[in-house]
Amino acid sequence: MKADAPILEVRGITKRFPGGVVALDHVDLEIRPGEIHAVLGENGAGKTTLMNILFGVLQPDEGEIYINGRRVRFRSPLDAMNMGIGMVHQIRKLIPAHTVLENIILGHPKTESIINLKKAREEVKALCEKYGFNIDLDARVWQLSAGEQQVVEILRALYRGAKILILDEPTTVLTPSEVESFLNSMKAMTKEEIATIPFVTHKLPEVFAVCDRITVLRRGKVVKRLGTKEATMKALAEYMVGREVLFKLEKPKVEIGEEILRVENLSALSDKGVLALKGVSFSIREGEIFGIAGIAGNGQQELAEVIAGLRKPLGGRIIFQGRDITNASVLERMKMGIGYIPPERLGVGAIGNFSLVENILMSIYFDHEFSSKGFLSYKKIREYAKKIISEFEVVAPSIDTKAAHLSGGNLQRLILGRVIPRTSKLLIANSPTVGLDIAATEAVRNRILKCKERGMGVLLISEDLDEVLELSDSIAPIYEGRFVRILSAVEAKKEVVGAMMAGALSGGG
Amino acid sequence: MWPFIIRSLEVATILLLAAIGELLTQRSGIINVGIEGLMLLGAASGFLAALIWGIVPGYVVGMIMGALFGLLHAVLSITLRVNQVVSGMGIWLFAMGFVTYWADRYSGPLPPGVVSLRIYGLSPLFFIGIAAVFIIWFILSKTHLGLKIRSTGENPFAAEVSGVKVIRIRYACTIIGGALSGLAGAFLSLTYLGTWSHLPTKGLGWIAFALVMFSLWRPQILLGGAILFGFVWQFAISPESVYAGIPAPLPILRMLPFIVTIVLLVIISSERFRRKWWLAKPEALGVPYIKE
Amino acid sequence: MVYLQLPKLKRERLIVLTGKEAVLISISSLIVAFIIFSGFLMLEGATPTEAYGHIFTFAFDPKLGLSTTLHRGFFILFSTLAFIVPMSAGLWNIGMEGQFYLGTIGAFAVAYSLPNLDPALLIPLMITSGALFGAGYGALAGFLRGKLNVNEVVATLMLNNIAFWLVYLLTVGGPWAGIAESTSRPLPASARAPIIWNTTFTSFLAIGIAILLYIFLKYSSLGYQIRVLGNSSVAAKHIGISAPKITILVMSIGGAIAGAAGYHMWAGDPAFYMIPRPEAYKAIGDLTYWGILIGLVCLLNSLAAIPFTVFIGSILVGSTVLVRRLRLPFGLDVLFLGVISLTFVAFQFFHNYRIRRIRRE
């Protein structure tokens, strides 16, 4: 029965962006009621664009969308919602200060003018029971974990009566125990004829376990459509990546030298006043890359900030080259040769309204080599900036170009160029390649390896497990503010580290 | 003593009306620092209207004037996305010039025929002000509309995804906030002062603005704050009605409300309250909503 | 975006704004202000062209209004500079009024206590004292903001009102009260500002400060740190710039400049040579708020502020003609300034966006 009439049909969708980029090229998709239909694709394959079109955020240039055989046009997400499409965003579209229940009933046509909370609560509770969600409806959303927030979004869509549920990377934020109950909930939805469309890049196996069919996107085109039974993991990965050769980095052979940084039992609060870092100890030696792998929000951000001097630790000590720097200021640490590359580029690592010269100045403004009597020696600074720009291959019309005009990759090259030459001992690279294209990613990774060659210690923090494994000498999966273990590169197996950062394995095992 | 209490409650009414309007506006994510200007415009237009049509039309016209300039602030800050502080400042500066030009030629008391209605000496607007606080509290905390308004002020993107008309709500709240500020102004010139003199607000609008910050955006606290400041303000103006022998010279007493404001600001900004304050503050306050 | 927007036009975000564009925007905003004000003029039965002619011939006639034009214009320049420095660090100093009052107190305190001092000593002393008083008041706001995290907009405004009553306390029936009701005693003759080229020498002091500030903000290491903080407080933190320190510093500099205007204002215009009645000094104090608008319109460029402030001064002085010579109602002059403030604000839109026509689908 199911197989015959698709609930959602997408035909020949094409979307072009200014600058001639074709994000989607005649994409077809067919979803049957109650099926779990995964859409696979790498970053940049067009998944986000497709999702946005299905949810009415973007309008396609060509192509049609049919729901239950009827042609529809979405002008806004509201149109899509009214046609029974629900969306679970990866960047949560929830209101952190409000309760779960308030988030679910907000804007719903059924919500009375004077809210009947009791009735709404019962209805949502019924939904929770039906699909096996377990959540406190009166908790404020900011108090919830990423996985719980996802549940709130799913509940919101279901409460609205969604028959088609689009899920953006649903499994990345889940811990292993959550994954299982999540998959059960998906199966429960199937029984209610609700079609779910998970869009997936990573964590293939979990999705693989439950979905019925798979569509693979690559560079805006559908390259393969197949049933789960016909697919193998290996084949899927090949479809996703195509024949592109993945670059392999040559890890330089470097003598590991003396200890540069020792961190003892460090703990810290997050911005919200929650204990985010719970007693972490480790050390980094010259020429060593120490990689911290973890899902965002497990304390790695706080750890990086404490070491860079941006956040006051709650307890513990930081010893840098034998000196206690726990209370040293950011500037003192910079002068000692500690450099920090923050995860956010514009507005933190670089200032958009400043020229490239002024941006590079951010790391040398205090250096007497570049100023005299309180005034900056712009001639010297410009020369230095020119050198940096060419050395770090920042592509820009001139050194007076505003940083806001740079692409993401160029901006990161600029930030590296600003920080690395002024860093002699320890580089803290926090998510240095997030959001970059392949070429820029490669350039950044090579720079980090060069730092290692120069005998610097590097603290690398990344959500990208492959990156951590590929670059690091020591690897520490972090989970809920603690290192699960510290492994050497040789003993670190991807599956094991992955499970550790998801909280599956305790330190003892 | 009773006249003093009545006068104080009148000041409280002015603060209450203006501040509850600003609270609503801020809850929707728009900050309007031009309350002082809106009050001036409401005071002047209300006064002029009362000269022609009497007291109640005076209130109404003051309110309409406030709404119009609330609308202007909405256009500037929502549609044109001008920095909201700048926009409010501009409206305030304009109001100072415009009101001087428009109303100063009619300086002087209201004619004897134009008298404010009073119940046991209290103006009905005092009760209307309290009712406004209650209504806005009810709307914000109990109704779907209120949930939509709060969501708009917290995270307009999330609100929009849930089908909330962010722009429309922000417009409405800014206009209503303006109307209430205008009414507060009209009440000031018609009932509290009963006369027109050059730029009569004297910083009351700014105190109303500060009150919203103290109240942690909660109407109940705002009500208490407005009454407290009503008494402080009135005491600063006529200390003799409380205690004849107060030794401090008048100008020092007149500083009192402003000093109290600063002290309260310091307390509310302290480490103990800051986290609470940040949680209460509408997260998108002052940030233009740019759909992309 | 459907509401209140013409369907065929589209906002396009500007990434950066060049100086040339900024000039064009401000000129257009002035043109619009002139057009709007023409409406009011016609409403009052005046011919706009004639009225504007009167305004500017009076304002720039060396025998009539020029010296007052320059005096008021440069007074506004002081306020603008006092706004620009903190704003470069991202802080809203709207406390120029209070800092100016404190500067007034500082300057007059010196003059009254040392009336027989040689002008060559007394005048610099008065200016310094005014600047110090203003700086202290600015630093107080800076301390509240930098150390205690108090919102600077509300704090500075409250301080303005307090300062107003402080001056009141000293002048109206206070220790400085003069013979005339509610004004201060006149300044000693030795305290009067020397006149150079039709204006008080302190006008040149204002220009000098503008130039120095320009150099300071653009080329000094401290100026750079201020600008980093102004652009992104997070970035500033990441490169070891101490926000509280810079906050107090910029507020003190701003306060000092606004405080120096206390001398410029009352000792630089023969019409005063004293602190006038409260309404009158309040009216002057209200002029300081122009510093905010001009500072923003000039993109915080202290040199570009000079022609603007003189222009506003000319309107301020020239439009009094409307009242006196054309017998138009009182207050029309301040209305003109009000209209300009609104168009300035509305045209801020073009600082971030440009309108582009798009084809309808």
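Two residues are taken to be in contact if their C-beta atoms, placed from the backbone, lie within 7 Å. The structure is a predicted model, in which local features need pLDDT of at least 70 and side-chain atom pairs count only at pLDDT 80 or more, while totals for chains, interfaces and linings use all residues. Residues are numbered from 1 along each chain as its sequence is written, and chains are lettered from A and ligands numbered from 1 in the order in which they are written.

Chain A brings 17 residues to its contact with chain B, and chain B brings 19. On the chain A side, the most residues, three, come from helix H2 (residues 77-82); helices (H or I, at least four residues) and strands (E, at least two) are DSSP runs, numbered from the N terminus. By class, this side of chain A holds nine nonpolar, five polar and three charged residues. Here Ala, Val, Leu, Ile, Met, Phe, Trp, Tyr, Cys and Pro count as nonpolar, Asp, Glu, Lys and Arg as charged, and the others, Gly among them, as polar.

Between chains B and C, 44 residues of chain B touch 43 residues of chain C. Among the elements of chain B that give two or more residues to this side are helix H3 (55-79) and helix H8 (166-193), and H4(B) gives the most, with 12 residues. The chain B side divides into 27 nonpolar, 10 polar and seven charged residues.

Turning to chain A itself, three domains are assigned: domain 1 (8-241), domain 2 (257-337 + 423-509) and domain 3 (344-422). Such bounds come from an automatic or database domain assignment. The centres of domain 2 and domain 3 of chain A, taken over C-alpha atoms, are separated by 25 Å. Their contact takes 13 residues from domain 2 and nine residues from domain 3. Helix H14 (residues 438-453) of chain A supplies the largest share of the domain 2 side, six residues.

Chain A also contains an open sheet of four strands in the order E2-E1-E4-E5, with antiparallel pairing; two strands pair if DSSP finds at least two bridges between them. Strand E2 (21-31) and strand E5 (70-72) of chain A each have a single partner strand, so one side of each is left without a neighbour in the sheet. Strand E4 (residues 62-67) of chain A pairs with E5(A) over three bridges, and Ile65(A) has Val72(A) in E5(A) as its bridge partner. Helix H1 (residues 47-54) of chain A packs on this sheet, touching strand E1 (8-17) and E2 of chain A.

Another open sheet of four strands in chain A has the order E12-E11-E14-E15, also with antiparallel pairing. Its edge strands are strand E12 (275-285) and strand E15 (323-324) of chain A. Strand E11 (residues 259-269) of chain A joins E12(A) over eight bridges, and Glu259(A) is bridged to Arg285(A) in E12(A).

Finally, in chain C, helix H3 (residues 66-88) and helix H13 (residues 305-318) pack at an angle of about 130°, with their axes 7 Å apart. Axes are lines fitted to C-alpha atoms, for helices over the stretch in contact, and angles run from 0 to 180 degrees between N-to-C directions. H3(C) and H13(C) are therefore oblique to each other, given that angles under 35 degrees count as roughly parallel, over 145 as roughly antiparallel, 65 to 115 as roughly perpendicular and the rest as oblique. Residues of H3(C) in this contact include Leu70(C) and Phe74(C), and those of H13(C) include Ile306(C) and Val310(C).
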